[in-house]
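Me: I'm new to this one. Could you show it to me and take a few questions?

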Amino acid sequence: MSMNIVVIGSGAAGMSAASAARKASRDAKITVITEDEDIAYSPCAIPWGIEGKTGWDDIVMHDAAFYKENRDIDVIIRTRVETVDGDKKEVVAAGVTYPYDSLVIATGGTVFIPPVEGKDLDNVFVVRTVRDGKNIQKALEGSTNVVIGGAGVIGLELAVALRDMGKDVTIIEMMDQVIPRIADKDMADMIQQELEAKGIKFVMKAPIQAVKGDGKVEFVTAAGEDYPCDVMIFATGVRANLDIPKMLGLDIGQLNAVIAAPTMNAYRRGRLVPDIFVAGDLVQCQSAVMPGATMSQLGSTAVKEGLVAGNNAAKGEKKEFGPVASPWVSMIGDLQIAGTGMSLGLASWYGIDVVCGKAEGLTRARYYPGGKRLVVKVLADRTSHRLIGAQIVAGEDATGRINWLTSAIIDGKTAETFMVDSENAYCPPTNMVRDVVLAAVEDLCLRLKQ
Ligand SMILES: Cc1cc2nc3c(=O)[nH]c(=O)nc-3n(C[C@H](O)[C@H](O)[C@H](O)COP(=O)(O)OP(=O)(O)OC[C@H]3O[C@@H](n4cnc5c(N)ncnc54)[C@H](O)[C@@H]3O)c2cc1C
């Protein structure tokens, strides 16, 4: 008899899991159940969807009919899973019972909203789904003042999109820098300056105290000041959705996310649960930099985990998901910012003593027209000299460089072995003959000697 695979959630993790399950098993019955109305879309594109640079239909890659016709996967939309019985191996949603042999939980995360007065007023939004994006777009019609809570990557991407739409944008951030936690202040300040030059206002070191208005938001209060506001968007971080894992008694880690084996199986009271898999934003990962847990709430991580979870759920040849350095990149205005591994903030949280190296150059040969500024910063453990993190701010081409440094971090290279082992391709229109990455690591080697 063919096996039943049920996947809960239709985001990057869930749809990757369903597709990988189909690749591993021709005859499994695969059912995806999701609360969402759209499936297989890229939340990462929502800021540009709101701005109108990309159409909503372009962001949604496939619909349920595509999955049925091309992959024989049943996708049930607008349906919340209410109960999962791990003993009977059944999922119940909208009164229908779905038996499973393997279950993949890919229920993602929810935007954390600080518990402030007025957060439920009209025109106060979070941004997570295409529906959120469409609602924000509608509310923006005829609105002037937009306040964004949180200066993380998503908040900044939104700010640029809204500013380019002609809105008056204010960002309120409780920390003293933009992109806190994953970027260092010296790198993040370059991005803040770029946005200030575009006319985006920042209120820093100011937790949001209240959202005020009569039915609809009119002001947002932070640091004792009222900021006029027609539309408020919270971009204040994501918390793992743990209802279903908790219902099943799965082990939750110290970062408040589900603990997973490299096979993406969940655990219950320390024992691996052979028929339950997890993937995506609700999972706690293993850090590639140090022996410990980390979060990697990224689309790229969700897809990779989903592929492993789905394959193993369908009993394909066993695959594993490794420790993460979590490389990320963003295009903010005319600048790209990228990072990998530990920032100074994260390293201090883990008690690592850090030495930094930095170099600045251009993205093309000096004489070749159109070269843009490129700043590379690299971080190493003072004792072992091991590379633990890197950040890049550049006018172009940050992604390839951060991926290069990510491989080195995952390989456990020291600054010195990186200098010996690394080579860079070269052509005047694409980079300098000696890439700025090498100059930054060389600077790091010198500082490690001091
Ligand atoms: C605006 C924005 C920009 C981003 N930009 C980037 C980027 O540039 N690069 C990057 O790597 N990452 C980016 N991310 C993060 C990335 O999108 C997420 O890490 C990724 O989408 C997580 O995928 P997921 O499948 O785990 O979760 P989700 O996409 O959240 O999917 C969870 C699914 O579970 C469903 N669900 C939840 N509970 C239930 C239930 N009880 N019953 C049924 N269904 C349920 C939901 O409806 C949803 O379909 C961005 C995120 C946002 C919001």
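**Around the ligand**

Me: Which residue has a polar backbone atom 3.4 Å from an oxygen atom of the ligand?

Reply: Quick background: this is a predicted model, where local features need pLDDT of at least 70, side-chain atom pairs count only at pLDDT 80 or more, and totals for chains, interfaces and linings use all residues. Residues are numbered from 1 along each chain as its sequence is written, and side-chain values use heavy atoms, leaving out hydrogens and water. A polar contact here is a pair of N or O atoms within 3.5 Å; within protein, one must be able to donate a hydrogen and the other to accept it, and residues adjacent in sequence count only if both atoms are side-chain atoms. The residue with that backbone atom is Ala106.

Me: How much of the ligand's accessible area does the protein cover?

Reply: Accessible areas come from the Shrake-Rupley method with a 1.4 Å probe; for residues, only the protein chains shown count as cover. On its own the ligand has 1000 Å² of such area, and the protein covers 89%.

Me: Where does the ligand lie relative to domain 1 and domain 2?

Reply: Domain bounds come from an automatic or database domain assignment. Domain 1 (4-45 + 52-109 + 239-313) and domain 2 (113-235) both give residues to the shell around the ligand, so the ligand lies between them.

**Away from the ligand shell**

Me: Is Gln391 buried or exposed?

Reply: Buried means under 20% relative accessible area, exposed over 50%, and partly exposed in between (1.4 Å probe, protein chains only). Gln391 has a relative accessible area of 1%, so Gln391 is buried.

Me: Which residue's backbone nitrogen does the side chain of Gln391 reach?

Reply: The side chain of Gln391 gets there at 2.8 Å. The backbone nitrogen belongs to Asp184.
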